[in-house]
Amino acid sequence: MTHTKTLLASVIASLLLAPATSFAAEQPGKLKTVKVEADALGNTTEQTDAYTTGSMSTATKLDLSIRETPQSVSVITSQQIEDLNITTINEALDTATGVSVKRSETDRTYFEARGFNINNFQMDGVGIPLHWGLLEGDIDMATYDRVEIVRGASGLMSGLGSPAATVNLIRKRPTAETQASASLTQARWDDTRLQADVSGQVAEPIRARVVVSEQSRDSYLQDYHKDLSSTYGVVEADLGLNTLLTAGISRQKSEADSPMWGALTLTYLADDGSSRPTNFRRSMNSSADWAYWDVKDTRSFVELDHTWANGWNTKATYNRTKTQGAQELLYVYGTLNEDMSGLGGWAGKFDRETDIKLFDVATSGEFKTGDLTHKLVVGFNQADNEVDEYALYDYTTGNGFPAITNMAEWTGDTPYPTFADMPNGEITSDKQTGVYVAGQFSLSDDLKLLTGARSARYESDSVSYGANLSKKDDVVVPYAGLTYDLSKQLTLYTSYTETFTPQSESKLSGERLDPVTGVNKEVGLKGEFFEGKLNTSFAVFETAQEGLATVAGFNTDPTQGETGNYYEGDNYESRGFEFEIAGELTEQINLVLGYTNLTIDDNKGEVSRTFTPKQSAKFTVNYYPQFAPGLKLGSFVEYRSDTYLRGTVIEQDALTLVDLFASYEFNDNWSASLNLSNITDETYLTSFEYSQAYYAEPRNISATIRWQY
């Protein structure tokens, strides 16, 4: 173990401290036409071929480079999205350092970093609350240039959130030059996807962009089918030399047939009374043939950006997201016996509408004291979230429930329910307002202090399934960080951040849990090479949450509040270290290599949340062979250490997944690519935090042909 730690430390030190010349060795005869060349990266990643970005503002709303940001950050660029044939946010975050995508059900997903759920999501730096802290359906990536991720707390900009991470999706914007592209992808299980993107100048002061996508696919899962489509339009106009007006709208539909609500039972009771793990076929689906899960959303936004005569900038943004959800679902539960009998089920019908309105206005700029330059941002934002859900159940008519006599042979063929029992639902009105200030203050040429705070008020008027869950809280969230430039390429940093998160989970009594508070402490070293084209980082962190909702049991009695999981508050602390190398290693090689080592303890000091891997590593690389102009080869490799669910026989061995890709540019307009995922055909479970899971996708292959102008 000591030798391993020494070797790991040596590798990290070599990668972080190596002089730039060791990475930038010239490649004689390298064809410059293979990649788009640029002197330095900006904050847009398309058309750069880059695996990193030049600047990002997700952590503090200040336009800082990755090296200047005193937290662990990652970016999933346009080139990575294309190379790995990424179509949804789930697939994108699968590749991100330190992030776990927890597919508890086929159409409902949790995201995790540093051992805790991520509930801070943004679009263009403006928060988009995830109701219940999870994503229903999918987010199609056709609309977005990149995804920025700040690990650790980021409550300054996100408002009320967790100390896990903040995920910021950056929309594509119109371009001054005319450009167009289209692609057709065909994959296994009748998976067909079309995507088109057109952008350019409409008139002298006006530019526009339209992006559309359409995907229809069957699945390795029995009877599961999904349609995903999106349309995005954005227009920007110059209102004079210093003012930019931007307006956009996107519509997306995610429609699933035979989706899982809950998932497969992972244990059975043997005849000798012992509990043993189940071993269903990979295509097993616990859904019914009449079930569906549809989600439609419309996102609109308006931005007004003005630069004043003194160089300061004011930006006002209004976002509105309207979502409609409709589901008819079957939930399978009970104690499974060795002969595969014993399970029952109940059905639910849900109709839900959410309406989220967000407004943010901020002014930022630079000022000097003597020879030192400082940056400052002050702002105000407000978020209103309305939820209206109606629910019906079938508990009493039977209609095949509970009549699952052999779960191993379940095909989903069951009578349609009579939805008439326990008419219930949720009506929630959430509002949060906040003012914030943050600054980067130069204490010397090399030493900078980043500090700020957000004062926020949260009000929730909520009645959910018969329980009054209304809450009102006021909170001040501080942020502080120091950076010290050891050289022009290396920066030492430390940061301290806090969060405050209202929780929607309820106790068995139906009462809403108290808000959870969180803290993130971090110290690290960052490197920036080749004018920002290669970024490296190493961080040691400690993250804590107090009063975090933890599953305490499952309530199947509809007369005692909402059926489903009930919770209690618990305290957790995670600590560990991580490193990442991202960007251009040589003119032929781009890569992202990330590693996370994580330990999570509960309030008794015992190792907890054991369903989260202690170690994880992710590696993406593309390679332009010198001997074959136009050819690109690459791979994505992920390693997860073994996981288990404490107190059960549910466990999963350490896992390594390997994807490969290749593409070839026939000319300036046409190219083709091939992607192979899970090439070793590993059999493994999705997230089993809630004692249920389903099997992940087997080996897959897809082919894409692209045209661009």
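Q: Which residue stands opposite K296 in β19?
A: Q324 does. Strands here are DSSP runs of E, at least two residues long, numbered from the N terminus.

Q: What kind of model is this, and how are residues numbered?
A: The model is predicted, so local features need pLDDT of at least 70 and side-chain atom pairs count only at pLDDT 80 or more, while totals for chains, interfaces and linings use all residues. Residues are numbered from 1 along each chain as its sequence is written, and side-chain values use heavy atoms, with hydrogens and water left out.

Q: Back to β18 and β19: parallel or antiparallel, and how many bridges?
A: Antiparallel, with 16 bridges joining β18 to β19, residues 313-334. Two strands count as paired if DSSP finds at least two bridges between them.

Q: What sits between the two strands?
A: Five residues, and β18 and β19 form a hairpin around them. In the turn, G311 has a positive phi of about 90°.

Q: Which strand does β14 join, and over how many bridges?
A: β14 (residues 243-257) is joined to β18 (residues 292-307) by 15 bridges, and the two run antiparallel.

Q: Switching to β5. Are its faces covered or open?
A: Both faces of β5 (residues 120-123) are covered. N120 and Q122 lie on one side, F121 and M123 on the other, and all four are buried. Buried means under 20% relative accessible area, exposed means over 50%, and partly exposed is in between (1.4 Å probe, protein chains only).

Q: Which strands does β5 pair with?
A: Four bridges join β5 to β9 (residues 165-171) in the parallel sense, and Q122 has N168 in β9 as its bridge partner. β5 also pairs with β6 (residues 126-127), antiparallel over two bridges. There M123 stands opposite V126.

Q: What about the turn between β5 and β6?
A: That hairpin has two residues between the strands, and D124 takes a positive phi near 55°. D124 also belongs to a network of salt bridges with R171, R173, E303 and K315. A salt bridge here is a side-chain nitrogen of Lys or Arg within 4 Å of a carboxyl oxygen of Asp or Glu.

Q: How many salt bridges are there in the whole structure?
A: The search finds 39. One of them joins E112 to K102, with the closest N and O atoms 3.3 Å apart. E112 is in β3 (residues 108-113) and K102 in β2 (residues 99-105), 10 residues apart.

Q: Are E112 and K102 buried or exposed?
A: Buried: the relative accessible area is 2% for E112 and 4% for K102.

Q: Which residue does D297 bridge to?
A: R299, the closest N and O atoms being 3.7 Å apart. D297 is buried at 9% relative accessibility, and R299 is buried at 12%.

Q: And R320, which partner does that have?
A: R320 forms a salt bridge with D355, the closest N and O atoms being 2.6 Å apart. R320 lies in β19 and D355 in β20 (residues 343-369), so the pair ties together parts 35 residues apart in sequence.

Q: Is R320 buried or partly exposed?
A: Partly exposed, at 27% relative accessibility. D355, at 14%, counts as buried.
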